[in-house]
Amino acid sequence: PLPKAGENGQFPLGNLVADAVRNAARADFSLMNNGGIRGAGLPAGDLTYAQLFEISPFQNNVVRVSLTGAQMRQVIEYGLKSGSPSIHVSGLTVRYDPARPLGRRVVQMRLPNGRSVSDKARYTLGTLDFLQLGGDGFSMLTPLPVELGFGVDVDGLLAYFQRLPQPIEAPEAPRIVPVGKH
């Protein structure tokens with residue numbers, strides 16, 4: 001089973017949903033808000049469309065945004081405004097210091113190959129149209145170039161789950177980690 005956790009923090013189901021959004025958008029990174037993951041989680045065993053719809057009920061469109069590494073840092077900083085993550089990401093790992101001032105908490109952002117995310121390099125971010133249109137306060141995404149046509153969130157989740165080896169194993173390790181923890 002994959003339980004859903006609260007509005008803050010990292011949990012395996014959130015990682016899995018972020019991976020599905022990244023896959024659907026064919027993007028370098030993805031961003032998923034914790035509040036967009038609903039329901040109690042997923043039970044062990046065969047899953048139905050209705051169970052996937054319970055965790056992703058909003059019928060948001062998956063979009064791909066073009067942004068720089070510096071802009072991605074701004075997105076992550078906003079997701080850390082409470083002092084702990086209220087988001088999930090895919091395609092990067094983040095180390096942050098919750099004791100630092102808001103807007104300066106991100107210490108490091110790394111790509112899966114271990115290289116640092118470059119502030120000046122351009123990347124693509126898969127996310128939901130709700131967030132790209134400024135939902136949950138992510139207004140920094142609104143003026144960025146956006147591509148549409150990647151389907152609806154729950155359909156992307158279904159397609160991704162069907163491609164994964166069975167039984168599905170969600171990525172356990174947090175991707176946004178406070179300094180001093182591994």
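Guide: In this account, a residue is buried under 20% relative accessible area, exposed over 50%, and partly exposed in between (1.4 Å probe, protein chains only). The model is predicted, so local features need pLDDT of at least 70 and side-chain atom pairs count only at pLDDT 80 or more, whereas totals for chains, interfaces and linings use all residues. Residues are numbered from 1 along each chain as its sequence is written, and side-chain values use heavy atoms, with hydrogens and water left out.

Visitor: What makes Arg73 partly exposed?

Guide: Its relative accessible area is 23%. That value lies between the limits of 20% and 50%, so Arg73 is partly exposed.

Visitor: How do you know that Arg73 forms a salt bridge with Asp119?

Guide: A salt bridge requires a side-chain nitrogen of Lys or Arg within 4 Å of a carboxyl oxygen of Asp or Glu. The closest N and O atoms of Arg73 and Asp119 are 3.4 Å apart, so the pair meets the rule. Arg73 lies in helix α3 (residues 69-79) and Asp119 in the loop between β7 (106-110) and β8 (122-128), so the pair ties together parts that are 46 residues apart in sequence. Helices (H or I, at least four residues) and strands (E, at least two) are DSSP runs, numbered from the N terminus. Asp119 is likewise partly exposed, at 37% relative accessibility.

Visitor: How many salt bridges does the rule give?

Guide: The count comes to three salt bridges. Among them is the pair of Arg175 and Asp19, whose closest N and O atoms are 2.7 Å apart. Arg175 sits in the loop between α5 (153-163) and β10 (176-178) and Asp19 in helix α1 (residues 12-25), so that distant parts of the chain, 156 residues apart, are linked.

Visitor: Are Arg175 and Asp19 buried or exposed?

Guide: Arg175 has a relative accessible area of 12%, and Asp19 has a value of 12%. Because 12% is under 20%, Arg175 is buried, and Asp19 is buried for that reason too.

Visitor: Why does the pair of Glu147 and Arg64 count as a salt bridge?

Guide: The closest N and O atoms of Glu147 and Arg64 are 2.7 Å apart, which is within 4 Å, so the pair qualifies. Glu147 belongs to strand β9 (residues 146-147) and Arg64 to strand β4 (residues 62-68), so the bridge joins parts 83 residues apart in sequence. Glu147 is partly exposed at 39% relative accessibility, whereas Arg64 is buried at 14%.

Visitor: Which residues of α3 are buried, and what do they pack against?

Guide: In α3, the buried residues are Gly69, Met72, Val75, Ile76, Glu77 and Gly79. They pack against β2 (29-33), β4, β5 (87-90), β6 (93-96), β7 and β8, where contact means heavy atoms within 4.5 Å.

Visitor: What makes Asn15 buried?

Guide: Asn15, in helix α1, has 0% relative accessibility, which is under 20%, so Asn15 is buried. Leaving aside residues up to four places away in sequence, Asn15 touches Gln10, His88, Val89, Pro171, Glu172, Ala173 and Arg175.

Visitor: How many cavities of 30 Å³ or more does a search of the whole structure find?

Guide: The search finds one. On a 1 Å grid over the protein atoms alone, a cavity is a set of points where a 1.4 Å probe fits but cannot get out; lining residues have an atom within 4 Å of a point. The largest cavity holds about 40 Å³ of space, a volume being the space filled by probe spheres set on the points, which are joined across faces, edges and corners.

Visitor: Which residues line the largest cavity?

Guide: The lining consists of Val17, Ala20, Val21, Met32, Ser56, Leu128, Asp153 and Leu157. The largest share, three residues, comes from α1, and α1 and α5 each supply at least two.

Visitor: Which peptide bond is cis?

Guide: The bond from Gln166 to Pro167 is cis, with omega near -5°. Pro167 lies in the loop between α5 and β10.

How values were computed:
1 Å grid on protein atoms, 1.4 Å probe; cavity = no way out; pocket = protein on both sides within 12 Å on 5 of 7 lines; lining within 4 Å.
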